[in-house]
Amino acid sequence: MAESDWDTVTVLRKKGSAAQSKSKQAIISAQRKGEEVETSKKWAAGQNKQHVITKNTAKLDRETEELSHQRVPLEVGKVIQLGRQSKGLTQKDLATKINEKPQIIAEYESGKAIPNNQVMGKIERAIGLKLRGKDIGQPLDAGPKKK
């Protein structure tokens, strides 16, 4: 049995190793011979680019200003509420009249809504009072008369 351990073993390998085929010299020689060479560039190969902190991120971290959307003033909410009540409308009735959800009217009256000129215009026409400009609460037709 000891004699069978010393048998000749032949290992068949391809020419060149993987590292050799990637070297510039190997690529150039393959191109000269006219062999097909496929190359592909890997994006951020060997680097962890997905978690890089950019200058903008650092700038945002240093920013301390509180940013918030402008809300409808409470004065406008009170005008909407008084105008609606003077017409004998509920929030739901007014919302139906201007094709909006009742929640929108509630937000405008409580001062939580972000002003939308289109919605404000619909409410103005429905209750007949101005909600924008200097003369808030005035009737719509009380503007300066044109001759």
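**Entry 1: Glu124**

I started at Glu124, which touches Leu129, Lys130, Leu131, Arg132 and Leu140, not counting residues up to four places away in sequence; contact here means heavy atoms within 4.5 Å. Glu124 lies in helix 7. I noted that helices (H or I, at least four residues) and strands (E, at least two) are DSSP runs, numbered from the N terminus. Is Glu124 buried or exposed? It is buried, with a relative accessible area of 8%. For the cut-offs, buried means under 20% relative accessible area, exposed over 50%, and partly exposed in between (1.4 Å probe, protein chains only).

**Entry 2: basis of the model**

This is a predicted model, in which local features need pLDDT of at least 70 and side-chain atom pairs count only at pLDDT 80 or more, while totals for chains, interfaces and linings use all residues. Residues are numbered from 1 along each chain as its sequence is written, and side-chain values use heavy atoms, with hydrogens and water left out.

**Entry 3: the chain**

I counted 7 helices and 0 strands. The chain has 147 residues, of which 19% count as buried. Among contacts between residues at least 6 apart in sequence, 46% join residues at least 24 apart. The accessible surface comes to about 13,200 Å², and 50% of it belongs to carbon and sulfur atoms; the areas are from the Shrake-Rupley method with a 1.4 Å probe, and for residues only the protein chains shown count as cover.

**Entry 4: helix 7**

I went back to helix 7, where 8 of the 11 residues are buried. They are Val119, Met120, Gly121, Lys122, Ile123, Glu124, Ala126 and Ile127. What do they pack against? I found helix 4, helix 5 and helix 6.

At the N-terminal end, Asn116 caps the helix, with a side-chain oxygen 2.9 Å from the backbone nitrogen of Gln118. Just after helix 7, Gly128 takes a positive phi of about 75 degrees.

I checked the pairing with helix 6 separately. The axes of helix 6 and helix 7 come within 12 Å and cross at roughly 90 degrees. Axes are lines fitted to C-alpha atoms, for helices over the stretch in contact, and angles run from 0 to 180 degrees between N-to-C directions. The two helices are therefore roughly perpendicular, a label for 65 to 115 degrees. Ile104, Ile105 and Tyr108 in helix 6 meet Val119, Met120 and Ile123 in helix 7.

**Entry 5: the core**

Of its 18 residues, Ile80, Leu94, Tyr108, Ile123 and Leu131 touch the most other members. Helix 4 (74-86), helix 5 (91-97), helix 6 (102-110) and helix 7 (117-127) each give two or more residues, and helix 7 gives the most, with 5. Leaving aside neighbours within four places in sequence, I listed Val76, Val79, Ile80, Met120, Ile123, Glu124 and Ile136 as contacts of Leu131.

**Entry 6: Arg84**

Arg84 counts as buried because its relative accessibility is 8%. A polar contact of 2.6 Å joins the side chains of Arg84 and Glu109. Beyond four places in sequence, Arg84 is in contact with residues including Leu94 and Ile127.

How values were computed: A nonpolar core is a set of buried Ala, Val, Leu, Ile, Met, Phe, Trp, Tyr and Cys residues joined through side-chain atoms within 4.5 Å. A polar contact is a pair of N or O atoms within 3.5 Å; within protein, one must be able to donate a hydrogen and the other to accept it, and residues adjacent in sequence count only if both atoms are side-chain atoms. Angles under 35 degrees count as roughly parallel, over 145 as roughly antiparallel, 65 to 115 as roughly perpendicular and the rest as oblique.
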